[in-house]
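Please look over the chain shown below. The report that follows covers its backbone, its sheet and its helix packing.

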Amino acid sequence: RLVQGGVYLITGGFGVIGAILARHLAETLHARLALVGRTAPAANDSRFALVHDLQRLGSEAMAIQADAADPGQMRAAIEKARAAWGRIDGVLHAAGAPDSGLMLADLTREACEQQFRPKIAGARALAQALAGVDNCFCLCFSSLSAILGGLTFGPYAAANSFMDTFADNMNRSRGATWISVNWEGWQRQSDETQARGSRHVLAELALSPGDGADALQRILGHIRHGQVVVSTADLQARVDRWISNKDGARAEAGVAGDLHARPTLETPYEAPSGKTQAAVAEIWCELLGIEPIGIHDNYFDL
């Protein structure tokens, strides 16, 4: 599906991953690239420079201002690319929003909508825009969070899980071929300065730009349709660690193995009584790394 001089549209084309892949396609295939962003690039910003870099690498490239979640704007973007180059061979749907950084208890509707709009509404908009366009693929940039979850990744994981199922459903009808890829994280410059803990571990597992581009080439070269998982470590071991094995999850999250003493709380300590209370207290001790835990202790205070 990746061919010399191919025509590819990239939503989120000015983001970190979109820019990496655009440069790869320009350098290796001299592809003709339509980069879609919500705002038009100005003459002095990095997006404008990216288009010039792609042209310098031998690509024909254009910037298109369009909201990936708007069916009409996406239809117009695709038609603009087809008018310029006669066809469209594929769409890389890489539009997205940064993780909210909020735990479930703190989530707001706005934080959820920020994740849902580019991925859920974006996938639906592309489906409408690609109606009647044959011999074309649409590759959705999903995430391992849809499989492994992750702290503060609630709405992000939900949006990616939707795309996995949506792509599968779209392949039941005629038209464009859909692939959803549950990507490992990608390296960013800021990864070197990330704090210790789960995000540090994720940064160590992240794909380098070269490995990500290579994985994309192999996926589009060998996968007909459906869902693909890209993991830099043994996937089943990660599932076992995060979902089935509490101690392993705490270890991968950077939580110390030793239990800490119960902090000073406003609630007086009262020991568990009976099997049920003792079992719940033991689970809390394992997850939080604190011992002892009383039956009236507040989970969020702990």
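## A cis peptide near the end of the listing

P292 lies in the segment after β9 (290-291). A cis peptide bond joins E291 to P292, with omega at about 0°. Helices (H or I, at least four residues) and strands (E, at least two) are DSSP runs, numbered from the N terminus.

This is a predicted model: local features need pLDDT of at least 70, side-chain atom pairs count only at pLDDT 80 or more, and totals for chains, interfaces and linings use all residues. Residues are numbered from 1 along each chain as its sequence is written, and side-chain values use heavy atoms, with hydrogens and water left out.

## Overall layout

The chain holds 11 helices and 9 strands. Its C-alpha atoms fill a box of roughly 75 × 40 × 35 Å, taken along the principal axes. Of its 302 residues, 43% count as buried. Buried means under 20% relative accessible area, exposed over 50%, and partly exposed in between (1.4 Å probe, protein chains only).

Contact means heavy atoms within 4.5 Å. Among contacts in the chain with a separation of 6 or more, 72% come from residues 24 or more positions apart.

## The sheet

An open sheet has 7 strands, with parallel pairing. The order is β3-β2-β1-β4-β5-β6-β7. Two strands pair if DSSP finds at least two bridges between them. β3 (60-65) and β7 (226-229) are the edge strands, and each pairs on one side only. From one strand to the next, the twist averages 20°.

Strand β2 (residues 32-37) runs parallel to β3, and 6 bridges join them. A34 stands opposite M62 in β3. Strand β4 (residues 90-93) pairs with β5 in the parallel sense, over 4 bridges. Here the bridge partner of G90 is F137 in β5.

## A buried strand

How many residues of strand β5 (residues 137-143) are buried? The count is 7 of 7, so β5 is largely enclosed by the rest of the structure. Both faces are covered. F137, L139, F141 and S143 are buried on one side. C138, C140 and S142 are buried on the other.

## Helix packing

Two packed helices are described by the angle between their axes and the distance between the axes. Axes are lines fitted to C-alpha atoms, for helices over the stretch in contact; angles run from 0 to 180 degrees between N-to-C directions. Helix α1 (residues 16-29) and helix α8 (residues 209-222) have axes that come within 10 Å and cross at roughly 65°. α1 and α8 are therefore roughly perpendicular to each other (65 to 115 degrees; under 35 counts as roughly parallel, over 145 as roughly antiparallel, the rest as oblique).

The contact uses I20, L21 and H24 of α1, and P209, A213, L216 and Q217 of α8. These residues divide into 5 nonpolar, 2 polar and no charged. Ala, Val, Leu, Ile, Met, Phe, Trp, Tyr, Cys and Pro count as nonpolar, Asp, Glu, Lys and Arg as charged, and the others, Gly among them, as polar.

Helix α2 (residues 46-56) lies across β2 and β3. α2 runs at about 160° to β3. S46 is found in α2 and is exposed, with a relative accessible area of 60%.

## Positive phi in two loops

H30 sits in the loop between α1 and β2. Its phi is positive, about 50°, although H30 is not a glycine. At 43% relative accessibility, H30 is partly exposed.

N135 is placed in the loop between α4 (109-129) and β5. N135 is not a glycine either, and its phi is positive, near 55°. N135 is exposed, at 74% relative accessible area.
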